[in-house]
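Dear colleague,

Please find the structure below for your records. A summary of the findings follows it.

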Amino acid sequence: FDHAVAAYAERPALGTLDGERWTWTSYGQLADLVARCRAGLAALGIGRGDRVAVICDNRLEWVIVAHATYQRRALLVPMYEAQLDDEWTHILADSGTKVCFVANHSVAERVSRLREDLLELQHIVSMEASTDAPSEFAGLLERGAERPIKERSPDPNDVATIIYTSGTT
């Protein structure tokens, strides 16, 4: 990630299709968003060995959360929006997830209803704003921008991701 940012800072890294129009995020912009998210995770108490889950389909925020998690030397626990609540409960409980990023407020409500069985879960962060509430993700990035922290590169032997296949649930 650092090499790509240094070599290609001005080049497009990721594109997001909005209707019929593509919006591009450069490597430099992506690095800034990851740094802000990394500091936001630190403010939530996330550090080495902690678990950070993400429940959403492919999107820019997924990539930001993943790299920020790695730079905190924490472990990413990815899940699909289409999974059943009992699968989420098993994965979140078994992994000991502390922070769960979700696609939207609908998914956040579903995860909130599971909290009774999720003893380690401390924060649910929605990536999208709704008409009723602003995006917690945007707020996390704002807090991260106010208190930047240094990146911690993972060690070669660090575990990066815990992937639960359909057979594990």
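A residue is called buried when its relative accessible area is under 20%, exposed when it is over 50%, and partly exposed in between (1.4 Å probe, protein chains only). By this criterion Cys100 is buried, with a relative accessible area of 0%, and Cys37 counts as buried at 0% as well. Buried residues make up 39% of the 169 residues in the chain.

This is a predicted model, in which local features need pLDDT of at least 70 and side-chain atom pairs count only at pLDDT 80 or more, while totals for chains, interfaces and linings use all residues. Residues are numbered from 1 along each chain as its sequence is written, and side-chain values use heavy atoms, with hydrogens and water left out.

A search of the whole structure gave 0 disulfides, a disulfide being a pair of cysteine sulfur atoms within 2.5 Å. For both Cys37 and Cys100 the closest cysteine sulfur is in Cys56. The distance is 12 Å from Cys37 and 9.6 Å from Cys100, in each case too far for a bond.

As to the fold, the chain contains 6 helices and 6 strands, taken as DSSP runs numbered from the N terminus (helices: H or I, at least four residues; strands: E, at least two). Their order along the sequence is α-β-β-α-β-α-β-α-β-α-β-α. The C-alpha trace spans about 45 × 40 × 35 Å along its principal axes. Of the contacts (heavy atoms within 4.5 Å) between residues at least 6 apart in sequence, 67% join residues at least 24 apart.

Yours sincerely
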